[in-house]
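Colleague: I would like to learn how to read a model like this one. Could you take me through it, feature by feature?

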Amino acid sequence: MIGPEPRLRHWKLTLAACLAGCVLFAAAVSHSAQRLARSGKGGGNSPCADKPGSPGTSKVQPVDPTPEQSVKIAALIEQLGAPTLRERDTAMSALAEFGAAAIKQVKEAQAHDDDEIGHRCTILLEVLYSGKAELFLAARRLGMTDKELEQKLASPDPSLLLQTLEQNAGAGMAPIWARVLAALATAQSRYPAALTCRRAEGLAGYGAVLAKAARDPETRKIPQRSAGIVALVSLLPPQRAEHVVLTLASLTAAEDPLNRAVQIDDALRTARALRGIYDAASCLQSVSEEDEKLIAGLEGASPERLLLALALALTPAASEGQLGAARLPATSAMNLYELSEFAALCARSNLITRLGTLLAELRANDSDFDRRASIVAQALARCGGEAAFDSFDGLPPAAQLAMFDTWWFNPPAATKMQPFLCGKLASTTPAIRTAAAALLAGYRAPSSASALAVCALAFADTAPQVMAALAPMADLLPAAAPKALAELIRKLESADAKLRAPLIDLLSNCQSGEASAALTALWRKNLPLNELGPAMRFFSRDQGSAPGVYCAACLLWASRYAASESAYLSRNLTHSEWTLLRTLLGCDDAAGFALLEALAQDAWAEGSGESMIALALANKDAALAPELARLYGAGNDPRAGYLQQYLAISRSAAGEEFRSRARKLTMESPDLVALVVAVNYGRGGTITRESLLTALAEKPDNYDSLPPLARLMAAGELPAPFLRALGTHALLDRDTNYPLLARDEALLLQSFNLDVVSLLYGTQPQPMPRTPTQLVATAALGGSAAAEIIARAEVSKDGANFEWRECARAFVGLTPQPLAQAVLRSQTAAPFRIFTLLRSAREGQAWALRTLLDSYTPRGFWHESAGFAWIQGGSRYRGDDASHWGAAAAAASAAQPLESGALAAPLVRSLLGQEFNGEFATWWSSRRGLLELDAATGKLRLTELK
């Protein structure tokens, strides 16, 4: 029991607390009244002062809402009496955004049976009549006048307003949050602000904020702001699909049609990246007529309808029933974006019958049948299976070529695709033959080579393109099609300019004595300047002849500059090389070597440098070596670079001495570069690859200054000291604020299992990632310890590490699916792309390894996403001339390599267990279609065809 004195003391304290509360309440009321008076919203200045809810002198007059708006307003009025404060405040803010359209219903609801609803409606009328609905409620919630709030919103630095919002976090201020996020869209602090907004407004309210921020005029005009809002959608997606669609559609506002098409493509790509987060029903029902009117009414709005296309792109898969219940227009009324995404949705839902029906509807009702049928045909090709093959012949040529383009990216099983392509080489349509040949080039097999040779001989109009496709597998011809090869050799002498170049490439690759004799005779008789490159490559294979070693000496420089032979020859050959090779071809080997020796001794002669290197390759420089070494040591010979390379590959005593000295030099030394080239070429003498790499590990780590090092690294295992030195260079000695690791270095570090954790954190007992590079490298290369370390990383106050932290968490499995997958598919996750592809390839996904290996080759095509050029023209690769259809595969097969693919070797070695000789681009282009998953082993392999 409580005694009398304690009880008395208890009542005194209670009374004091009550009195204090009354005083504080009175002060607050007084303060609020003064603010309202100053702002002109209280007393006699208020438009509602005489009679609450009356328009008074307000310029805002009620307007009739649409039926759809009326339903939403009625629902929000009822939400004013919801059990939680957040729901009530959110409804109040949403009603304020309806403006004059809500006045009538809100006025009627003043007499509502629920006193809370009636009271809030009375306040809302004042807001609606004020004409400043967006600011009025928020100003009251934040204890400001609307003018003070306007000033803070107009400030170039929104940090003070953000602090106020964080301190007074609560629902119902979506318009203000939208202005703040729009202003912060280019700053990393947008992420902490968005997180606070989500807590204050709830997930649904946050989505409305994003959509409103995207409609801000400044956001839509400034590309950097648009990109910032897209990043928020990608990493912190809203709860409802409708808000994703509205946000992305609002950001396509460029006046220039080309830029607008790029924006549309970006919006669709972002929607596809988020696919899987929202269920099909919510995606398909996310577009309303009101939304369409809202987007159409934006200044500079895109004339294309995008809401439905975005909703379809966002949909993971759908059943026939779900598609039937959706509000979809007739297929003939769909624009190209809508039709493309609808067809793609049917494809990933495996609704093959629906696609067939769609083609029939288009054939019957559509004047633009060729282009629109191409879109549907492409989707049908994605499904694989027999349906695509069965429907092929019934399609117009444009649609058939669109299917070929799709099969370039997603080839069906090789055992089905290769015979199909061989059959299409007999098509009466030249464009079909060209596209089929370009695709068949990726199916290296005797039957492929034979079919291509027969096609090249049978159809003169497409012979050059077919020969270009045949060239990488021409070495199969002597056994597979000897009669066809003999006929091709006979055509060489009389070939016209259009046919001669691809025929020369084909014959130079077929490793036939008859073909080699024919080419040698042809070029000894006449070597045109435009055929110097192919001739150099052809003759360099025979290093026992004077022309052969001279050509090999010229090609040696491609290794020095880390370029492919084709790229080097196309950029660096001059009239002097042409003249000297023609001279060497016109004399016997004895006279040829004598000429090379004479040139090597003349420092000012054209071809002097290549001549002395050629003599070294032929081991005919013993008499010259001492004098050439002396000239190099004197330092006044104009051939300094050639002398370095000559001494590096010479097997003379002078060469061995040069290599021993060069090994001790720094990375910046040209002598060391020459030594690396020599070791790559197998001319390092006593210096092996392993010993050289070990020595390089002790030098300054400026590996970027040593281009030929790439081939040296790719040739096999890396010594531990060099691997650690390479890791230090890649992870610690570069800008730590730029986490995009060099692709090749990152793949090498992972392939050879460098202990990245000890490299980054030393002996720290509780490693904590503090830089973007640490976050990316730890997640991608940290192995089993990565998840524990990444879990410790916290979002910095300024949000600078948020993007990389979210991507790292998604990569190591700390983010639940499907959000993790969406984050890793976003543009922000670019540093993780190669690691995601590599992980998928190791899991047996052929498309991932194909994408990785494609990146080491020149590609004349775009990414698989539905690019705007394809939408506008029917195919991403089509010009106005229909013969250009299907050029995706043709461009890729005919393109010359732009860079060395040597660093693809570790991938090919580890994932396919194979090695390649020569240029990687040529090796891979003839095997691309053969890559498949071996069901028995669960690993990828190259299928063998007969």
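Modeller: Let's start with burial: a residue is buried under 20% relative accessible area, exposed over 50% and partly exposed in between, using a 1.4 Å probe and protein chains only. Here, buried residues make up 54% of the 946 residues. This is a predicted model, where local features need pLDDT of at least 70, side-chain atom pairs count only at pLDDT 80 or more, and totals for chains, interfaces and linings use all residues. Residues are numbered from 1 along each chain as its sequence is written, and side-chain values use heavy atoms, with hydrogens and water left out.

Colleague: How many helices and strands does the protein have?

Modeller: Both are DSSP runs numbered from the N terminus: helices are H or I with at least four residues, strands are E with at least two. The protein has 56 helices and 2 strands.

Colleague: Which residues touch the most other members of the largest nonpolar core?

Modeller: A nonpolar core is a set of buried Ala, Val, Leu, Ile, Met, Phe, Trp, Tyr and Cys residues joined through side-chain atoms within 4.5 Å. The largest one holds 285 residues, and Leu149, Phe404, Trp407, Leu477, Trp523 and Phe722 touch the most other members. A second, separate core has 23 residues, among them Leu80 and Val127.

Colleague: What is Trp523 in contact with, beyond its neighbours within four places in sequence?

Modeller: Contact means heavy atoms within 4.5 Å. For Trp523, the partners include Arg500, Glu531, Phe538 and Leu585.

Colleague: Is Arg500 buried or exposed?

Modeller: Arg500 counts as buried because its relative accessibility is 15%. Arg500 is found in helix H30, residues 497-509.

Colleague: How do I read aromatic pairs?

Modeller: A pair of rings is described by the distance of the centres and the angle of the planes. Rings of Phe, Tyr and Trp (its six-membered ring) pair if their centres lie within 6.5 Å; planes under 30 degrees apart are stacked, over 60 edge-to-face, the rest tilted. That rule gives 22 aromatic pairs. Phe920 and Trp924 are stacked, at 6.5 Å centre to centre with 5° between the planes. Both residues are buried.
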